[in-house]
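Hello,

Here is the structure for you to look at. My notes on what was found in it follow below.

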Amino acid sequence: MDDQPAPLAGAAGAPPVDAPRVLPVDVPNPPRVGGERPSARGDFADGRLAATVERLRGEVRAAHAAAEGRALIELAKGVIVERLGCGPARAARQLAELADRAGLSLLELAADIINQAAHDRVAEVAGAFVRTAIGEPGTTGPDASVGVRLRTAESAALSAGDTQAVAESLLAHALEPLGAVAVAIWSTGPDASLSLRGHAGFGPDEAARWHHVPPGVTTAARQALTGRRTVWYPSLADAGIPSIGRARHPDGGRVVVPAGTGGRIHGLLEICWARPLDPQPQAVERQIEALAELCAHTLEALPEQAAPAHFLVTAGYGSLELAELSDGLYDPALVLTPHLDEAGRLADFRIRHANAHFLDPAGRPRSAVDGALLLEAYPATAGGSELFERIERVYATGEPFRARRARLTALVDQVPLTSLADISISRHGASVLLIWRVEDESARLASLLQHAQRLGRVGAFEEDVLTGEITWHGQLFELFGLLSTEPPVALGDLAAHAHPDDSSTIRRFLRTVLHQRQVGSAAFRMLRRDGVTRHIRVTAEPALGVDGGLQTVRGAYQDISAQHWTEVALTATRDRLAATEEAAEERNRLTLQLQHAIMPPVKPPIDAPALDVAVRYRPAESESLVGGDWYDAVVLPSKKVLLCVGDVAGHGVDAATGMVVLRNALRGLAVTGAGPGQLLSWLNSVTHHLTAQVTATAVCGIYDPESRTLRWARAGHLPPVLVRGNEAVDLPLLRGVLLGALADAEYEEAELRLEPEDIVLMYTDGLVERRDTAVHDSVAQLLAVARLPSDSLELRLDQLLARSKSDTDDDTCVVGVQVF
């Protein structure tokens with residue numbers, strides 16, 4: 001048997017007149033999960049208005065056609081009534097559906113039906129369909145055609161007594177051949193809740209747990225309801241949302257289809273697969289949508305659920321009851337009902353009632369608004385306000401919409417910048433109640449002013465000079481410490497409430513305002529009777545009468561106590577800060593003097609045999625960063641020469657005093673004749689036991705002029721540099737931790753035999769350290785400068801300082817020795 005139903009005789013492509021059909025819900029074509037249909041709100045508004053204009057034109061054309069062929073159409077309806085044994089209303093609906101499917105006008109189809117009434121095969125076609133639908137052998141198994149399966153499911157669903165039987169029939173006849181294992185039919189409540197009305201493939205315990213889903217709980221069905229679209233989940237586990245049967249089929253595919261008619265979603269059809277769902281062809285998608293139409297027909301026939309107790313109006317209220325209710329509101333309200341086009345899709349909303357508080361922006365009477373279509377009367381509702389879209393959504397899903405201070409220009413005759421309103425949209429049965437409350441701009445500004453006065457502790461006053469009447473803002477009673485029942489304080493009595501030392505200030509203020517008739521201001525200390533002293537600023541402005549005389553004085557008092565005490569605290573802080581800065585400057589000055597006294601920038605030459613010694617010391621650029629760099633070059637009693645540089649961690653007095661201690665301690669220890677490793681070990685003990693907890697780095701060398709050998713050791717410091725001829729290299733990195741880190745430490749020594757004209761350079765990290773450059777790169781640059789030719793050792797050290805690219809603003813010490 002062919003998948004398509006046999007057409008009515010004389011109407012090409014039309015189904016048999018006894019084939020039931022459910023009008024589809026006005027929902028956009030279902031996009032796949034992960035993608036939305038691109039659209040712009042401007043296109044939506046333009047499309048709505050264009051559709052309204054086109055619909056009005058179509059209504060005019062249809063009215064002319066109906067007037068010319070009404071008799072012929074009524075005759076065709078009579079033929080359908082006779083053939084089907086149905087009522088006139090169903091016959092009219094069947095005639096419209098057949099004309100739509102055949103692509104003919106009602107008049108053309110009526111003519112065909114009447115012309116061939118004696119020769120049609122309606123009864124024969126209907127009988128064949130019934131024989132197929134009841135399941136003759138071989139017609140309902142897995143090999144049955146799509147059309148047979150859908151017709152079988154349709155027949156079983158329409159004959160079922162409740163939604164549970166419909167769910168079982170859909171699963172058995174139409175969904176199991178598609179691989180589905182379970183189905184659930186949900187109905188929507190007036191509060192956007194979901195109730196499980198029918199199920200198949202789920203256990204009774206699972207169905208009992210999911211019998212009701214409160215509003216706001218995100219499930220697969222909820223997403224399809226709020227989105228008003230078909231939702232496909234290839235795997236419910238990937239979606240990460242709960243749904244009925246997920247525990248049994250966690251990786252299974254799921255599809256949820258809105259089921260509704262005329263723009264209203266009565267419920268949802270949810271279908272479950274045991275395995276992940278592959279992309280389905282369009283034919284399967286159309287089958288599922290057709291099954292949702294059957295569910296919509298069944299759900300539409302169910303009794304309306306009552307709204308929860310917190311709802312003001314139950315779902316059973318009709319437009320008349322809503323109209324009576326809206327008349328009792330203090331805010332403007334409209335009662336709207338859906339207006340469907342010929343195909344049964346939602347095209348507009350009809351204004352059934354406008355209450356007494358509604359004022360038409362165009363000045364039309366309410367009688368002209370009642371019964372009008374919303375888009376025709378107020379096209380701007382489909383514009384930027386999105387009002388029509390919100391009404392449509394509330395009617396479709398049943399979920400109320402609330403908004404505070406939303407822009408509303410379509411229904412309000414006000415300047416767009418001030419047309420803010422609180423909006424409420426709710427569905428009650430087949431009607432929608434729209435309520436709004438326009439924000440009173442003057443009241444809002446007054447409230448803002450009142451809050452500003454309270455937060456600023458400001459109170460206004462007005463005093464009539466002629467009658468003595470005084471008007472005070474309520475804030476002033478609290479400011480003066482008076483009861484609201486007590487009389488206000490006149491300007492002339494202000495001195496009695498002020499500190500005696502401020503009497504002259506108040507007298508000058510009163511003379512400026514009352515006698516010179518100029519704006520005056522004064523700050524004084526108010527002595528309240530509760531013992532609290534407040535600092536008050538009063539500002540007043542005289543107002544003259546028509547005769548030029550002083551009539552009233554207007555002004556304000558402000559509590560500036562917080563400002564006063566803040567200024568006092570700020571002044572004290574500034575004084576302390578100035579004293580601290582002076583002390584810091586004095587301390588740095590003394591520290592710098594101490595450092596320069598001990599470490600002069602240029603050391604006088606020392607008397608060492610066959611050895612030229614030069615030193616350079618460059619202090620930090622900022623006097624506040626006095627550091628702990630130190631150097632020393634001294635001839636010991638053994639005629640050997642002590643060479644050393646060091647760097648105490650930190651800056652300031654502690655670093656400078658630590659430097660002095662270590663430098664002098666090393667000088668005293670070197671007299672013993674010990675080697676550099678032993679000297680650093682003793683110096684480490686001294687550093688570790690200093691109460692200031694100093695840490696430092698150092699490099700120490702002992703030069704023997706007789707053997708021209710240099711023995712040296714390092715404590716966490718950069719090694720010396722040897723310049724021989726045109727080459728410059730850094731000496732090996734010997735083992736040795738920084739001074740003060742450990743109580744006991746040993747330091748490795750090395751010995752270097754120098755040749756005539758050899759130069760050894762010892763330096764602190766202030767010479768090479770840069771924030772954006774690694775240490776080894778900085779040392780490589782130092783070696784490149786050190787190997788440059790120079791006329792003398794002094795000039796070579798000056799050249800090193802001049803070409804140094806250090807940017808850490810740290811002290812720098814350089815000691816150079818050259819062998820003759």
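**The sheet and its helices**

Five strands make an open, antiparallel sheet, in the order β8-β7-β11-β10-β9. Strands (E, at least two residues) and helices (H or I, at least four) are DSSP runs, numbered from the N terminus. Two strands pair if DSSP finds at least two bridges between them.

This is a predicted model: local features need pLDDT of at least 70, side-chain atom pairs count only at pLDDT 80 or more, and totals for chains, interfaces and linings use all residues. Residues are numbered from 1 along each chain as its sequence is written, and side-chain values use heavy atoms, without hydrogens and water.

β8 (346–354) and β9 (401–407) are the edge strands, each pairing on one side only. Strands β10 (residues 420–428) and β11 (residues 431–438) run antiparallel, joined by eight bridges. Isoleucine 425 stands opposite leucine 434 in β11.

Helix α14 (residues 387–397) lies across β7, β8, β9, β10 and β11. α14 runs at about 30 degrees to β10. Angles run from 0 to 180 degrees between N-to-C directions, with axes fitted to C-alpha atoms, for helices over the stretch in contact (heavy atoms within 4.5 Å).

**A helix pair**

Helix α6 (residues 163–175) packs against helix α10 (residues 282–300) at about 165 degrees, with axes 11 Å apart. So α6 is roughly antiparallel to α10 (under 35 degrees is roughly parallel, over 145 roughly antiparallel, 65 to 115 roughly perpendicular, the rest oblique). Residues of α6 that meet α10 include Val166 and Leu170. Among their partners in α10 are Leu291 and Leu294.

Best wishes
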